[in-house]
Amino acid sequence: SQVVCFLLRGRALGIKMIGRLSKLVNPFMMVLAAAQISLIIAYSVLSYHDGYGNQQKLDEARQAEQDLENSLREPTPAPQEYEYGQPDLSYMFDMNMYTYLGMCLTMTYLRKYAYTSLGMSFLMGCLAQEYCCLLLQWIPLAYCAQLQSQFKDVGCPYGNNPALSQFENNQRSLSCTCDSWSDKIGLSISDFIKGQYGVVAVMISFGATLGKVSPLQILIITALNVTAYVGNKFLCVDYRGGVDNTGSLYTTHIFGASFGLGVSLLVSGKRPSENPDNRPRYQSNNYAVLGSLFMFVTYPSFNCYWAPAALRVYIATNTIMAELSGGMFSYIWANFFYPEGPSIMHLQDGVLAAGVAASTPACMFLPPVFMMVVGAGGSLLATLSFRFIQPSIEDQDSQGITSLHLLPGLWGALVMELVCIFGIDNTYWSLENMGLASQIMPHYGEQWASTETQALVTAFSLFVGGLAGAFTGIIAKLVGRSDLAGSFSDHVFWIVPGDFMHIGDMSALNKIM
């Protein structure tokens, strides 16, 4: 009995010591500090500032020819504007507004969760962008080494080899100009802008778990989300030759939504929809609508930045036409399917769903009038989903990313499939900008190859997103979750003002961030 008593006292003392130690050592702070220090070291060791981002690496013959032209050219009194990379500055401002203003504000619709919605969205964006723009450059280095080994006996001749497909010829050309493992990663402003597409994928995923995960879980989910996003983008675009350069429909919207749902299925807990704090209020909805307006005005830049320079204006025009049509139809659909009266959330999500649908690569080939139909279709799917699907999945989808990103994204993918079937792999339809089709479509000229590739990219983004999300959910669940009464409320993680009133049973004297 004395031995048992001694063991019980020792156990109680150990628990007490662990409790005191946990107050002194904050796991969230330790993980965040380790992540940031690791990124600083990685940037210092692996990367360098690559001028102003206007340089394009050439093979030796072309580089010698360009050097000769530069030596014979008369000097100019001052460097040209493009030499400073200034055209990318406006895109950077628009992307920052889209991500850190628009998407962050749309998360604030919950009445008692604005601190965490804004604070964690901002933190996720910083971590994801730092990690993503480094990883987006690092993975192709390994692929470059493989291509150089594959085509080492061919050299770098001008023109295409007729015995090879267009995609294989493109890969051969890439092997002559890409960087190898021995080179450091050259980073420019364009790389950080491209990294923001990964940030958008992370924030889309966060919408499904909003109010149901702790800050420590958010850090883990963000790191694994970015890793899966970059891997999926590399496999779909670089390795397989899929087209996803008009707002990243497949690798950002479809992947981000399926990843978030995969995570949420495992970390949601029991009946989060019954939490009284899982509701909007008038003021919080106003902030969310403001975020949607920021996204609305910057969507054209978001959709056209990664596209070929010759088509940027065309894509921006098509995007704004789809948005305007979707905005008009969102009022029509909402009033039609909600006879009792529309909600402001249904209207704002219908507008944004039109922008998601306009991210389809088909916007490079369709005239504006057809893009208006695409925008109206995205708005219709979002309204139908919020009306009939969202009530049955609200435990797993806090913000409604199924209605806002997944279904409109699949609608855009379907439009692209039709364009490939009837206008690219066949000539039943007369499409716009077909003179650039060989530059846009890596598999152009191969019968049914573009159709098969885009279908594969759609299915792969869904599968990888869901599978990676489920794996991430398992890891996050091991860290723990907030109790039902503490979810959807800032008082669990933050020091809140005196006028903050929590609806629930849990008292959070010790913050668990």
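Contact means that heavy atoms lie within 4.5 Å. The structure is a predicted model, in which local features need pLDDT of at least 70, side-chain atom pairs count only at pLDDT 80 or more, and totals for chains, interfaces and linings use all residues. Residues are numbered from 1 along each chain as its sequence is written, and side-chain values use heavy atoms, with hydrogens and water left out.

**Exercise 1.** Determine whether S301 is buried or exposed, and list its contacts beyond four places in sequence.

*Solution.* Step one: locate S301, which is found in helix α10 (residues 282-304); helices are DSSP runs of H or I with at least four residues, numbered from the N terminus. Step two: the relative accessible area of S301 is 12%. Buried means under 20%, exposed over 50%, and partly exposed in between (1.4 Å probe, protein chains only). S301 is therefore buried. Step three: with neighbours within four places in sequence left aside, Y91, D94 and Y197 are in contact with S301.

**Exercise 2.** Compare the reach of helix α6 with its expected span, and state what its buried residues pack against.

*Solution.* Step one: α6 (residues 166-177) has twelve residues. Step two: the expected span is 1.5 Å times one less than the number of residues. For α6 the expected value is 16 Å, and the helix reaches 17 Å from its first C-alpha to its last, which is close. Step three: the buried residues are Q166, F167, N169, Q171, R172, S175 and C176. The buried residues of α6 pack against α5 (114-150), α8 (215-239) and α16 (437-440).

**Exercise 3.** Classify I41 by its relative accessible area.

*Solution.* Step one: I41 is found in helix α2. Step two: its value is 48%, so I41 is partly exposed.

Notes
Helix = DSSP H or I, 4+ residues; strand = E, 2+ residues; numbered from the N terminus.
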